Amino acid sequence: MPPLPYAENALAPVISAKTVGFHYGKHHKGYVDNLNKLVAGTEYADAPLEKIITDTAGKADKALVFNNAAQVWNHTFYWKSLRAKGGGEPPAALKRKIEASFGSVDVCKKEIANAAVSQFGSGWAWLVLNGDKLEIIKTANADTPLASGTKPLLAIDVWEHAYYLDYQNRRADYVNAVLDKLLNWEFALQNAG
Ligand code: FE
């Protein structure tokens, strides 16, 4: 279980300490515990998480291992995609890439919000690098860009457990608040390097 990169109350009031506590301590930990049980004594017992994910992606008989492994990876990535006092202007090097791909940072943020809000049911919105172009994609349930060969830069969890205690059914309010106040553009730049 990778440590949370900040205190549980660091993202408040955008995401409350209660939400982070349940999300990290129950949901994220649940995927870690499930995965450890599922791979115990198998060829994946000591395999790196990324290898488990790419090996089991798309294999119906390995779906349970894939779902839990991908959710462990996705959540670790999500926590790093957020930071206290985030949002605002991306660093210049990332801003140039964003402008080359989307025209402006605002358009990029709108596309992330659209993907996050329009994802039907549980899933994720992602800023990814595809070749040298930035793209916005959404994935359902546990699915992850790692499985489709694009390079994730940022993730927003849009499972109800990520926002329901704070925003109830108002997913768009959660997404826009994350984009404006918590998004860790420095992490995105690090991943793009
Ligand atoms: Fe989650």
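Which residue in S3 does Val 128 stand opposite? Val 128 faces Pro 152 in S3. The close-ups below come from a predicted model, in which local features need pLDDT of at least 70, side-chain atom pairs count only at pLDDT 80 or more, and totals for chains, interfaces and linings use all residues. Residues are numbered from 1 along each chain as its sequence is written, and side-chain values use heavy atoms, with hydrogens and water left out.

View 1. S1 covers residues 123–130. Strands (E, at least two residues) and helices (H or I, at least four) are DSSP runs, numbered from the N terminus. Two strands pair if DSSP finds at least two bridges between them. Eight bridges join S1 to S2, residues 133–140, and the two run antiparallel. Six bridges join S1 to S3, residues 151–157, also antiparallel. Val 128 stands opposite Glu 135 in S2 and opposite Pro 152 in S3.

**View 2. The hairpin of S1 and S2.** Two residues lie between the strands. Gly 131 takes a positive phi near 70° here. Within the strands, Trp 126 has Ile 137 of S2 as its bridge partner.

View 3. A cavity is a set of points, on a 1 Å grid over the protein atoms alone, where a 1.4 Å probe fits but cannot get out. Grid points are joined across faces, edges and corners, and a volume is the space filled by probe spheres set on the points. The count comes to one cavity of 30 Å³ or more. Lining residues have an atom within 4 Å of a point; among them are Trp 126, Leu 154 and Leu 183. S1 and S3 each supply at least two residues of this lining. By class, the lining has eight nonpolar residues (Ala, Val, Leu, Ile, Met, Phe, Trp, Tyr, Cys and Pro count as such), no polar and no charged (Asp, Glu, Lys and Arg).

**View 4. The iron site.** His 23 (NE2), His 75 (NE2), Asp 157 (OD) and His 161 (NE2) coordinate the iron ion at 1.9 to 2.1 Å. Donors are N, O and S atoms within 2.8 Å of the metal (3.2 Å for Na, K and Ca). The angles among the four donor atoms are 89 to 131°, and the site is tetrahedral (all angles between 85 and 135 degrees). Along the chain, the donors follow the spacing H-x51-H-x81-D-x3-H. His 75 in helix H3 (residues 63–81) and Asp 157 in S3 link distant parts of the chain, 82 residues apart. Both His 75 and Asp 157 are buried.

**View 5. The largest pocket.** A pocket is an open set of grid points with protein on both sides within 12 Å along at least five of seven lines. The largest holds about 150 Å³ of space. Its lining has 13 residues, with Leu 35, Asn 36, Ala 47, Leu 49 and Ile 52 nearest the centre. H1 (17–39) and H2 (49–56) each supply at least two lining residues. The largest share, four residues, comes from H1.

How values were computed:
Buried means under 20% relative accessible area, exposed over 50%, partly exposed in between (1.4 Å probe, protein chains only). Four donors count as tetrahedral if all angles lie between 85 and 135 degrees; four count as square planar and six as octahedral if opposite donors are over 155 degrees apart and all others between 65 and 115; anything else is irregular.
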